[in-house]
Amino acid sequence: MATQKVEKTKLDRIRSLAKAPMDDYYVPGHRTCAGCGPAINYRMVAKAAGKDTIFVGPTGCMYVANTSYLCVPWAVPWIHAQITNGGGIGSGISAAYEARIRKGKYHGTFPNVIVMAGDGGSADIGLQSLSGAMYRNHDLLFIAYDNEAYANTGIQVSPTTPYGARTTFTPPGPVVPEGKKLWPKDLAKLVVGGHPSVKYVATASIGYPIDLMNKVRKALNVEGAAFMHIHAPCPKGWGFPANKTIEIARLAVQTGMWTMWEFENGEYKLNIEPKKLKPVSQYLEVQDRFNHLTTEHKAKIQNFVNQKLATLGIKVPVEAVTA
Amino acid sequence: MGTKKFLTGLGATATAVKMADVDVITSFPIRPYTGVMMILSQMVANGELDAEFVHADGEHAQLSICHGASAAGARTFTGSSGVGVTYAFETYSPISGGRCPVQMLIADRTLDPPGDFGSEHTDALGCRDQGWIMGWAETPQEVFDNTLIYYRIGEDPRVRLPQFNCHDGYFVSHIPGEVAIPEQSQVDEFLPPYQPVHPLDPQNPVGHGPQIFPDQGPALEAMRHNAMMAAMPVIEEAIDDFGRIFGRKYVPFVEEFMTDDADFAFFINGAHAHTARYAIKHLREKGVKVGLVKIRFIRPWPTDALQENLSKFKAVGVIETNSSFGVARGGGILTAEVCASLYDAAQKPLIASFMGGLGGEPITLNEFFFIAEKLNKIAESGKIEKPVYWLGFEE
């Protein structure tokens, strides 16, 4: 949309955790669960983006648990969006700054506009709004923080919920032994595949904070639309202890259940390519949501993961699955 | 001073939007409002208007983008018709609750089914309770003027509410009429640049729309109600100021036509007032004591002004170009509100509803004569035979 270049501070690469900014713009005082993956994600994203940022928060956990009694835990501007229209609200903020700066109605730098949507607000009911913002190439970063369910409303299935997961809308039973029967949408691929103007797309995980924060910075330094899909485990929804969030996040990457890549200048780049993958059963067996699965179900998931990895060019040996 | 042009309602809207120096415009095609976006996109392409012209992915997105842009301090414009208006329904309350003075043109279109391009007011009236200023224009001139007046009212720091700037599809949107185009300096005097109160700006962080718990609900809803009520005196001020600067003097809320010594009146909003005026001139020549009452704002609803205006008649016929199936009294949306307005009045007229112009059919002169005949009978007899007449289906 930009017809005139607007001044914007470029963000530097963060070399290590010790050298990450001390300042936080997502601050304590909210009501997220102990060990909440999306809250950890929010803190890292806000830290990486810095103070010249405006967040858009579609309805989801990061709306409901963060903003109670008219309070917000952001030290930067934030606006609620409906679960349907994060991309639209973000587009409008970006368009407003384009126009107001160009017309001399605003004197300041072009802000980082970040839409922080859950998997429902991005892959499901918010998909059209996301796609519209990417297609029109507004200067903004759309982040899907993925806890693989509608968690705020009580853990209902979403398009990114893995096959075989128990949710309150996919309970396993004698007729439906596996719980969720469908394979998840690959949102990041959907964005790359259908939106030629988007220059930067990345997946990330809260288990790898330096990688995550630097991807946020890269995405914000791009002029135009950028997208990130961030894996953010949910202790309550997935059924694991609150002190295991980061461990579970890393295990997802180590088993190939989550992959870490960037799409930049028309090319895919793998960021974390394990030398040897752990079997998916190691990931499945430490979460209550998968505890009803049979060996056959787990084998189907392993097969799905192997195929997904092959499309990304990952061909590393997987340890034998032990029943 | 200024020029005169023949413009359609859509042309008049686009000209006013340009002179209002709007920053962000969002489009999506649906008849009949679409033409305004064709004109505005050409103005942007020609460099006559400096605005971000955003091709939204549907009406819901049009309103969402305007919400974000308005929250970030931009003056915004959008529009729609018919099912496009209802498709965006979710967004209306968050925009008014966020106190974002977005302006939306509604060029009325009948809702589906069946697919029909004709004007009917149900699309806009269905959104009447969402906290938006709302009213109808009768002519392209009134459309032009309302566009500026609505921004002025909605952006007033005492109000800060979005506006549905409505006019009938085709009858107003597509039929040209003479429009006096003022000087830019007059517009600038009447409508200074938008000064947002709490914009999304990293230089002064604020949060828009956090969750509340039920105990905070009453206060917040009262604030939105108070803002709508505060619009009443602001409308009067704006209309006064408009008359002073542009030389066209409107009545703020309730316009009367040939009501001196009238026994009964047509009560109407929108384009059909035009035909009603002709009908009244004819009837007056025959000695029928009939007048017209045209309501200019549906929200805020001018209860006091209506009591004053309508109390003097023996009978009032509410012309309903909308449907509200199962509504109180079985008429349309306006009848229920007119009756409620008069409930406390010491003296009140008898009221009948006339369902007309549905699906966008014109209300003909003969139909207005029919309405007059029924109202005359009510006025003379002091009795209502039927509370609701469906024009074209009656003996």
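**Entry 1: domains of chain B**

I am working from a predicted model. I looked up how chain B is divided. Domain 1 covers 3–246 and domain 2 covers 254–390. I then took the centres of the two domains over C-alpha atoms; they are 28 Å apart.

Next I checked the contact between these domains. On the domain 1 side I found 27 residues, and on the domain 2 side 19 residues. Which elements of chain B each supply at least two residues to the domain 1 side? I noted α6 (122–125), β6 (133–137), β7 (163–168) and α9 (217–246). The largest share comes from α9(B), with 5 residues.

I also sorted this side of domain 1 by class. I got 14 nonpolar, 8 polar and 5 charged residues.

**Entry 2: chain A against chain B**

I moved on to the contact between the chains. Chain A puts in 46 residues and chain B puts in 40 residues.

I listed the elements of chain A that each give at least two residues to the side touching chain B. Two of them are strands, β1 (53–58) and β2 (78–81). The others are α2 (61–64), α3 (86–102) and α5 (127–136). Which element gives the most? It is α3(A), with 13 residues.

By class, I recorded 22 nonpolar residues on the chain A side.

**Entry 3: strand pairing across the chains**

I looked at β2(A) again, this time for bridges. It is joined to strand β9 (residues 207–208) of chain B by 2 bridges, and the two strands run parallel. I picked out one residue of chain A here. The bridge partner of A:Ile79 in β9(B) is B:His208.

**Entry 4: B:Lys289**

Where does B:Lys289 lie? I placed B:Lys289 in the loop between α10 (272–285) and β12 (290–295) of chain B.

Is B:Lys289 buried, exposed or partly exposed? I counted 19 other C-beta atoms within 10 Å, so I logged B:Lys289 as partly exposed. The cut-off matters here, because a residue is called buried at 20 or more.

I then asked what B:Lys289 touches, leaving out residues up to four places away in sequence. The list is B:Asp261, B:Ala262 and B:Asp263. For B:Asp261 I also noted the spacing. B:Lys289 and B:Asp261 are 28 residues apart along the chain, and their C-alpha atoms are separated by 6.9 Å.

Methods: Residues are numbered from 1 along each chain as its sequence is written. Chains are lettered from A and ligands numbered from 1 in the order in which they are written. This is a predicted model: local features need pLDDT of at least 70, side-chain atom pairs count only at pLDDT 80 or more; totals for chains, interfaces and linings use all residues. Domain bounds come from an automatic or database domain assignment. Two residues are in contact if their C-beta atoms, placed from the backbone, lie within 7 Å. Helices (H or I, at least four residues) and strands (E, at least two) are DSSP runs, numbered from the N terminus. Ala, Val, Leu, Ile, Met, Phe, Trp, Tyr, Cys and Pro count as nonpolar, Asp, Glu, Lys and Arg as charged, and the others, Gly among them, as polar. Two strands pair if DSSP finds at least two bridges between them. A residue is buried if 20 or more other C-beta atoms lie within 10 Å of its own, exposed if 12 or fewer, and partly exposed in between; C-beta atoms are placed from the backbone.
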